[in-house]
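Here's a quick tour of one protein model, written for someone who likes to know the cut-offs. Have the sequence and the 3D view open as you read.

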Amino acid sequence: MSLPKTLAEDVARNLVMVAKLIDEEPEKAYAYSRIALRLASRVAAVREAAGFAAYATQKYAEALAEFRAARRMTGSVELWPVMADCERGLGRPERAMAMAGEPEVQKLDKAGQVEMRLVAAGARRDMGQLDAAIVTLQSPELASNSVQPWTARLRYAYADALLEAGRDAEAREWFAKALEADKDGSTDASDRLAELDGVEFVDAAVEEDEVTEADGDPQD
């Protein structure tokens, strides 16, 4: 639906702030999303932004409600994976698994299908089905040497599941592969590799403070 020009500008300003703050200051992003929602609750983009802001602050019930509203307005299935992950956040992994088997998944693009696979594997782990989670992540996308936007996260999730299963050598291999694909630092694969290799990082500032305290005041 269209909005009067002044109102549309107000809504747009708030949505820009949501996008700007959601990663670093999610609570502030959430506050801006609520303003946009009050101004234009019948606009699908506003409901979607409000959903992601609520999701970022772990308000999963609220996020799910907003995503469902956005989906009703647009008819799009692109929010299906994050809706399923909200079910996980609400402690309902079995519902997330049920959603992974719905026809909507086949309508997702490749990125959406990979995201759904990640959610399904997470749901398996929530239910204590670790081996099934590992199998769920085994896919052509995981085996591919092509680096896509989802590659680092998919490899990381696989490595993490292998590590939990006690398959440390394989986990190390896949953390290394995740790091290789992680061009924007979306995972902490480098830290996980260091842990597996027994490397311990020391904060230089903290170390210096400890030395100063041990030596006492130089003027004493």
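Predicted model: local features only at pLDDT ≥ 70, side-chain atom pairs only at ≥ 80, totals over all residues.

## Ground rules

Residues are numbered from 1 along each chain as its sequence is written, and side-chain values use heavy atoms, with hydrogens and water left out.

## Overall build

You're looking at 13 helices and zero strands. Helices here are DSSP runs of H or I with at least four residues, strands are runs of E with at least two, and numbering starts at the N terminus.

How does the radius of gyration sit against that of a compact globule of 220 residues? The globule would come out near 17 Å, but this protein has 22 Å. The radius is taken over C-alpha atoms, and the globule rule is 2.2 Å times the number of residues to the power 0.38. Along the principal axes, the C-alpha atoms fill a box of roughly 70 × 55 × 35 Å.

## Burial, contacts and surface

Of the 220 residues, 39% are buried. "Buried" means under 20% relative accessible area, "exposed" means over 50%, and "partly exposed" is in between (1.4 Å probe, protein chains only). Take the contacts (heavy atoms within 4.5 Å) with a separation of 6 or more: residues 24 or more positions apart account for 50% of them.

The protein exposes about 12700 Å², and carbon and sulfur atoms supply 49% of that area. Accessible areas come from the Shrake-Rupley method with a 1.4 Å probe; for residues, only the protein chains shown count as cover.

## Charges and salt bridges

There are 27 positive and 42 negative side chains, and the centres of the two sets lie 14 Å apart. Lys and Arg count as positive, Asp and Glu as negative, while His and the chain ends are not counted. Each charge is placed at NZ of Lys, CZ of Arg, CG of Asp or CD of Glu.

The structure holds 19 salt bridges, each a side-chain nitrogen of Lys or Arg within 4 Å of a carboxyl oxygen of Asp or Glu. One of them pairs Glu25 with Lys28 at 3.0 Å, N to O. Glu25 is partly exposed at 33% relative accessible area, and Lys28 is also partly exposed, at 46%.

Another joins Arg153 and Glu115 at 2.8 Å, N to O. Arg153 sits in helix α10 and Glu115 in helix α7 (residues 110–126), so this pair ties together parts that are 38 residues apart in sequence. Both partners are partly exposed, Arg153 at 35% and Glu115 at 27%.

Helix α12 spans residues 189–196, and its buried residues are Ala189, Arg192, Leu193 and Ala194. What do these buried residues pack against? Their partners are α10 (151–164) and α11 (168–181). After α12 comes Gly198, with a positive phi near 75°.

Arg192 meets Asp160 in a salt bridge of 2.9 Å, N to O. Are the two residues buried or exposed? Arg192 is buried, and so is Asp160. Salt bridges with shared partners join Arg125, Asp160, Glu164, Arg192 and Glu195 into one network.

Gln58 has a positive phi of about 65° although it is not a glycine. Gln58 lies in the loop between α3 (44–56) and α4 (60–74), and counts as exposed at 58% relative accessibility.

Ser76 is in the loop between α4 and α5 (80–89) and is partly exposed at 26%. The C-alpha atoms of Ser76 and Leu108 are separated by 9.2 Å, with the residues 32 apart along the chain. Ala132 belongs to helix α8 (residues 130–137) and is partly exposed at 28%. Ala132 and Ala121 are eleven residues apart in sequence and 7.6 Å apart in space, C-alpha to C-alpha.
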